[in-house]
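Biologist: Could you take one part of this model and look at it closely, namely the salt bridges and the elements that they join? Please set out the cut-offs as you go.

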Amino acid sequence: PEAASKAVPATPGTTIKEGRIGIRDFLDVLAQTEGVMGILLVNNEGLVAEACWIDTVDQEEFGALARDMEAEIQRQLGHSQFVDYESLLIESQDLVINMIPLKESMLIIKATGRINLGTLRLKMNSLFSRLDEDYLK
């Protein structure tokens with residue numbers, strides 16, 4: 001598909017301009033975090049809109065699966081007091097999946113179990129403060 005042609009690994013040492021950044025710069029810089037295997041921007045239907053993906057798993061398949069997992073978790077949370085959430089974090093020994101809802105899309109980060117989540121969160125917060133407002137809630 002067309003989205004797959006956009007899926008390029010981040011260039012090591014990518015630097016970005018000052019001020020507001022687009023989603024491509026956001027993905028490229030975040031993908032440089034040690035342990036990140038791939039980052040997807042997935043629309044509400046589970047289709048990959050942008051990607052920075054080096055993992056061997058098919059990005060379209062993973063994006064659709066992650067979106068389905070998020071929909072089920074959201075459905076279950078709808079029956080509880082935890083209706084709104086900032087992010088979902090799924091951890092196992094060898095895998096971390098972080099899902100962050102954005103405006104009309106979702107950011108999905110797939111990483112090894114050895115990723116430093118503190119470093120990832122610091123980078124994300126810094127980048128989110130500069131991300132083009134079209135993507136933010």
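Modeller: Asp28 and Arg24 pair through their side chains in a salt bridge, at 3.1 Å from N to O, where the term stands for a side-chain nitrogen of Lys or Arg within 4 Å of a carboxyl oxygen of Asp or Glu. This is a predicted model, in which local features need pLDDT of at least 70 and side-chain atom pairs count only at pLDDT 80 or more, whereas totals for chains, interfaces and linings use all residues. Residues are numbered from 1 along each chain as its sequence is written, and side-chain values use heavy atoms, with hydrogens and water left out.

Both Asp28 and Arg24 belong to helix H2 (residues 23-30), where they are 4 residues apart, about one turn of the helix; helices (H or I, at least four residues) and strands (E, at least two) are DSSP runs, numbered from the N terminus. Asp28 is buried at a relative accessible area of 12%, while Arg24 is partly exposed at 23%, given that buried means under 20% relative accessible area, exposed over 50%, and partly exposed in between, with a 1.4 Å probe and protein chains only.

Arg24 also forms a salt bridge with Glu50, and the closest N and O atoms of that pair are 3.1 Å apart. Because Glu50 lies in strand S2 (residues 48-53) and Arg24 in helix H2, this pair ties together parts that are 26 residues apart in sequence. Glu50 is buried, its relative accessible area being 17%.

A further salt bridge brings together the side chains of Asp55 and Lys110, at 2.5 Å from N to O. Here too distant parts of the chain are linked, since Asp55 sits in the loop between S2 and H3 and Lys110 in strand S5 (residues 105-112), 55 residues apart. Asp55 and Lys110 are both buried. Through shared partners, salt bridges join Arg24, Asp28 and Glu50 into one network, and by this rule the count comes to 6 salt bridges.

The loop that holds Asp55 lies between S2 and H3, and at the start of H3 a side-chain oxygen of Asp58 reaches to within 3.2 Å of the backbone nitrogen of Glu60. Helix H3 itself covers residues 59-77, and its buried residues include Glu60, Arg67 and Glu70. On the face of H3 turned away from its buried side are the exposed residues Glu61 and Asp68.

Notes: Polar contact = N/O pair within 3.5 Å; in protein donor to acceptor, adjacent residues only side chain to side chain.
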